[in-house]
Amino acid sequence: EFREVGEGGLRFLVNLTDYLDTGLFLDHRATRQMIRELVRGGRFLNLFAYTGTASVYAAAGGAASTTTVDMSSVYLDWARRNMALNGFSEGRDHRFVRADCLAWLATPRRERYHVIFVDPPTFSNSKRMGENTFEVQRDHPLLLRAAANLLARGGVLLFSNNFRHFRMQRSALSHLT
């Protein structure tokens, strides 16, 4: 059962009954607004995109393009619906990719992004990952290095996670600054 809510002059679908998460992380309000302000005219990449709310903000902020990547077809469909609710349609300017983000990042790409938002789960062992697992504490250096390789000159990478005991492995990332 989906309901429409407003935030920042935009509209989103939330589901208060069928999922553990409602579809709109309230703790990312400021981050979404930051994305809207940073991306004007640039390309935006949303990794572990969930319901695509950050992509909606990027599109509303004047992004030249958005790429929304998530492993779940359910969440990608939700992201498409959120984009459409705000007048943005899938096509050359707004792409939705169903993929394991680490595998997607490992594929050589020419496109560079001006703003990249990375909000991985604490842990994942999805069937789509084969025998692999993802743990944010263990895997964040690999993830962030791979994402940083797609940054345009002067680009911004925003990283967030919800692991309470998370510790950034700064020495493994020192070359990124």
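The model is predicted, and eight salt bridges are counted in it.

**Salt bridge between Arg29 and Glu7**
- Arg29 and Glu7 form a salt bridge in which the closest N and O atoms are 3.0 Å apart, and this pair links distant parts of the chain, since Arg29 belongs to helix H1 (residues 29-38) and Glu7 to strand E1, 22 residues apart.
- Glu7 is buried, with a relative accessible area of 6%, whereas Arg29, at 46% relative accessibility, counts as partly exposed.

**Salt bridge between Glu111 and Arg43**
- The side chains of Glu111 and Arg43 meet in a salt bridge at 3.8 Å, N to O.
- Glu111 is in the loop between helix H4 (101-106) and strand E6 (113-118), while Arg43 is in strand E3 (residues 43-47), so the pair ties together parts that are 68 residues apart in sequence.
- Glu111 is partly exposed at 27% relative accessibility, and Arg43 is partly exposed with a relative accessible area of 26%.

**Val5 in strand E1**
- Val5 lies in strand E1 (residues 2-7) and counts as partly exposed at 30% relative accessibility.
- Leaving aside residues up to four places away in sequence, Val5 touches Leu10, Arg11, Phe12, Val14 and Leu24.
- Val5 and Leu24 are separated by 19 residues in sequence and by 9.4 Å in space, C-alpha to C-alpha.

Terms used. Residues numbered from 1 in each chain as written. Predicted model: local features only at pLDDT ≥ 70, side-chain atom pairs only at ≥ 80, totals over all residues. Heavy atoms only, no water. Helix = DSSP H or I, 4+ residues; strand = E, 2+ residues; numbered from the N terminus. Buried < 20%, exposed > 50% of the residue type's maximum accessible area, 1.4 Å probe, protein only. Contact = heavy atoms within 4.5 Å. Salt bridge = Lys/Arg side-chain N within 4 Å of Asp/Glu carboxyl O.
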